[in-house]
Amino acid sequence: MGQLNYYDNIADIYDQSRWLNEAIASEVTDFILKLVKANSETCFLEPGVGTGLNILPLAKRGYAVTGIDISSEMLSQLRQKVGNQAPNLTLIQGDASTLPLSDASFDVVLVVHMSHVVSSLEIFAAEIHRVLKPGGSFLCAQWLLPDARLKFEN
Ligand SMILES: C[S@@+](CC[C@H](N)C(=O)[O-])C[C@H]1O[C@@H](n2cnc3c(N)ncnc32)[C@H](O)[C@@H]1O
């Protein structure tokens, strides 16, 4: 990648700016697992994974999780949290608009506070659709203005 981006500059203070403490993250994880009717084979992808706030509880519970982020510094913060302790966690530095992943390879794609940063919502949505298994779940948590939300939902 070579070039620093905004999130590279704030990676070391990112977690302090979030509301997601461990207890809330655990409750959110319970909710997600119930919603997608997860079993031990369910595999998850989070494009724009950042420092891993959303996926670490899933990885800790043993689920296969892949996280992709364009920022090497955000990924570095995430790697510092897990060390070599999570063989079920795959981290990739890359652009979510061109996911370096096979078609139909994930049961669940999780996008949290990320869709506002991609250059094209249409391309991003098409990539998510491509890597989701048929009948898979796409979960998105995002503040979007009504026009952008309508566009994304369409
Ligand atoms: C607001 S943070 C959200 C991080 C995480 N999802 C969370 O909820 O804490 C946005 C993340 O998207 C990443 N990002 C921005 N543009 C990206 C792109 N084109 N491809 C992949 N990741 C990207 C940033 O580096 C950053 O880690």
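This is a predicted model: local features need pLDDT of at least 70, side-chain atom pairs count only at pLDDT 80 or more; totals for chains, interfaces and linings use all residues.
Pick L20, N21, E22, A25, S26, G52, L53, L56, P57, K60, R61 and K81. Colour them by class. The space in the second largest pocket comes to about 210 Å³.

Next stop: the largest pocket. About 820 Å³ of space lies here. Its lining has 42 residues, and the closest to its centre are E46, G48, V112, H113 and M114. Select those five and centre the view on them.

Now bring in the secondary structure. Select α2 (22–35), β2 (64–69), β4 (106–112) and β5 (132–141). Each of these elements supplies at least two residues of the lining of the largest pocket. Which element gives the most to this lining? Highlight α2, which contributes 6 residues.

Where does the ligand sit? Look in the largest pocket. Select the shell around the ligand, 19 residues in total. Y14, E46, G48, D69 and A96 come nearest. Two of these names, E46 and G48, were also on the list of residues closest to the pocket centre. By class, the shell holds 10 nonpolar, 6 polar and 3 charged residues.

- Select D69. A polar atom of its side chain is 2.6 Å from an oxygen atom of the ligand.
- Select D95. Here a polar side-chain atom lies 2.9 Å from a nitrogen atom of the ligand.
- Select V112 and show its backbone. A backbone N or O atom of V112 is 2.9 Å from a nitrogen atom of the ligand.

Last, show the ligand surface. How much of it does the protein bury? Taken alone, the ligand exposes 600 Å², and the protein buries 95% of that.

Key. Residues are numbered from 1 along each chain as its sequence is written. Side-chain values use heavy atoms; hydrogens and water are left out. A residue is near a molecule or strand if one of its heavy atoms lies within 4 Å of it. A polar contact is a pair of N or O atoms within 3.5 Å; within protein, one must be able to donate a hydrogen and the other to accept it, and residues adjacent in sequence count only if both atoms are side-chain atoms. Accessible areas come from the Shrake-Rupley method with a 1.4 Å probe; for residues, only the protein chains shown count as cover. On a 1 Å grid over the protein atoms alone, a cavity is a set of points where a 1.4 Å probe fits but cannot get out, and a pocket is an open set with protein on both sides within 12 Å along at least five of seven lines; lining residues have an atom within 4 Å of a point. A molecule sits in a cavity or pocket if more than half of its atoms lie within 2 Å of its grid points. Ala, Val, Leu, Ile, Met, Phe, Trp, Tyr, Cys and Pro count as nonpolar, Asp, Glu, Lys and Arg as charged, and the others, Gly among them, as polar. Grid points are joined across faces, edges and corners, and a volume is the space filled by probe spheres set on the points. Helices (H or I, at least four residues) and strands (E, at least two) are DSSP runs, numbered from the N terminus.
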